[in-house]
Amino acid sequence: MTPRALPNPGWGPLSALPGNPLMWVLILSEMLVFSAFFALYAWQRASETAIFNASQQQLEPLMGGLNTLVLLTSGLCVALAVEAVSADRIPRARRWLGGAMALGMLFGGIKIIEYADKFAVGITPETNTFFGFYYGLTAFHFAHVLFGLALLALVTWRTSTENVETAAAFWHMVDLIWILLYPLLYLLR
Amino acid sequence: MTALPGTRRLLITWATLMGLTVVSMVSARLNQDDWQALPLWSAALVILATGFKAQRLLMVYLNLRAATPAWKGTFVGLVVLTLALIAGGYLAARLT
């Protein structure tokens, strides 16, 4: 790649990354933080296998799978919004962003139903180590979803290519973390 | 502004991600009423599908394909490391 072709000239090693370089720093740091939690989870699972297995049976993997499909579709909407805003089609970009936010809220709704079901039968973060991880990891992710929704709302109001690209990168990171979280908590048994 | 993936590539990627999610769910045998440990090949398929999903999301949704090989390697390497941790923890729990 020649220096002229760099997407972000003047950003040193980050100049070769597409979109806002600072967002990539955030993505990298978030991935490292979640990976550390995943490693901790793996370590605890190996030492409390019976508790983790018994607790995992009480999750609803179909709900988690549905949420994965919802979030990935929301990611598509955001990516299409970037395509639209780059072609100066602002109203279309806003419609895609609206679709992404609606799906993001659906994800949140499904998650809240899951939490409510667990609390209704007395399962809390203090029930055992597994549910400490379950609530901790999914709530931390959920906080990112809420922040992402706020970002998407902001760029729907202040729509520019740079703003939409930056919010989209954050939203895709939220997707990426969930993709890794879903099999860890729900599927691998 | 870098070259964007384009609508067609995005739609193909979305269909791939949806398909791989369904493959993961089927591999994890969610249709079974009784809770049983997965056969190792099923668990391996879940992890492989997850890795490919993460790679596609990075390259197309996040458009990392427009970056240098070093950055692509860094992010894909981090995903591989994360999945290795997940797989290692899973295997350790299975073997103890």
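**Entry 1: A:Ala100**

I started at A:Ala100. Setting aside residues up to four places away in sequence, I find that A:Ala100 touches A:Ser74, A:Cys77, A:Val78, A:Ala81, A:Leu152 and A:Trp171. I note that this is a predicted model.

**Entry 2: the core**

Next I asked which residues have the most contacts inside the largest nonpolar core. They are A:Ala81, A:Ala100, A:Ala168 and B:Ile86, in a core of 85 residues. The most comes from α6(A), with 18 residues.

**Entry 3: chain A overall**

I stepped back to chain A. I count six helices and zero strands there. From the N terminus the order reads α-α-α-α-α-α. Along the principal axes, the C-alpha atoms of chain A fill a box of roughly 55 × 35 × 20 Å. Of the 189 residues in chain A, 41% are buried. I also looked at contacts in chain A with a separation of 6 or more: 71% of them join residues 24 or more positions apart.

**Entry 4: α3 against α4 in chain A**

I took up one helix pair. Two packed helices are described by the angle between their axes and the distance between the axes. For α3 (residues 61–86) and α4 (residues 90–120) of chain A, the axes come within 8 Å and cross at roughly 165°. Angles over 145 degrees count as roughly antiparallel, so α3(A) is roughly antiparallel to α4(A). I record the crossing of α3(A) and α4(A) as left-handed. The residues of this contact divide into 19 nonpolar, five polar and three charged.

Most residues other than glycine have a negative phi. I looked up two residues with a positive value.

A:Asp88 sits in the loop between α3 and α4 of chain A. Phi of A:Asp88 is near 60°. Is A:Asp88 buried or exposed? I find 9 C-beta neighbours inside 10 Å, so A:Asp88 counts as exposed.

B:Asn63 lies in the loop between α2 and α3 of chain B. Phi of B:Asn63 is about 60°, again positive in a residue that is not a glycine. I asked how many other C-beta atoms lie within 10 Å of B:Asn63. There are 23, so B:Asn63 is buried.

**Entry 5: chain B against chain A**

I turned to the contact between the chains. Chain B puts in 41 residues and chain A 44 residues. On the side of chain B that touches chain A, α1 (7–27), α2 (40–61) and α3 (69–95) each supply at least two residues. The largest share of that side, 11 residues, comes from α3(B). By class, the side of chain B that touches chain A has 29 nonpolar, 11 polar and one charged residues.

**Entry 6: B:Thr50**

My last stop was B:Thr50, in helix α2 of chain B. I find 26 C-beta neighbours inside 10 Å, so B:Thr50 counts as buried. Which residues is B:Thr50 in contact with, leaving aside its neighbours within four places in sequence? From chain A, they are A:Ile179, A:Leu180 and A:Pro183. From chain B, they are B:Ser24 and B:Leu83. I also checked B:Thr50 against B:Tyr61: they are 11 residues apart in sequence and 15 Å apart in space, C-alpha to C-alpha.

Note on methods:
Residues are numbered from 1 along each chain as its sequence is written. Chains are lettered from A and ligands numbered from 1 in the order in which they are written. This is a predicted model: local features need pLDDT of at least 70, side-chain atom pairs count only at pLDDT 80 or more; totals for chains, interfaces and linings use all residues. Two residues are in contact if their C-beta atoms, placed from the backbone, lie within 7 Å. Helices (H or I, at least four residues) and strands (E, at least two) are DSSP runs, numbered from the N terminus. Ala, Val, Leu, Ile, Met, Phe, Trp, Tyr, Cys and Pro count as nonpolar, Asp, Glu, Lys and Arg as charged, and the others, Gly among them, as polar. Axes are lines fitted to C-alpha atoms, for helices over the stretch in contact, and angles run from 0 to 180 degrees between N-to-C directions. Angles under 35 degrees count as roughly parallel, over 145 as roughly antiparallel, 65 to 115 as roughly perpendicular and the rest as oblique. A crossing is left-handed if the near helix is turned anticlockwise from the far one by less than a right angle, and right-handed if clockwise. A residue is buried if 20 or more other C-beta atoms lie within 10 Å of its own, exposed if 12 or fewer, and partly exposed in between; C-beta atoms are placed from the backbone. A nonpolar core is a set of buried Ala, Val, Leu, Ile, Met, Phe, Trp, Tyr and Cys residues joined through C-beta atoms within 7 Å.
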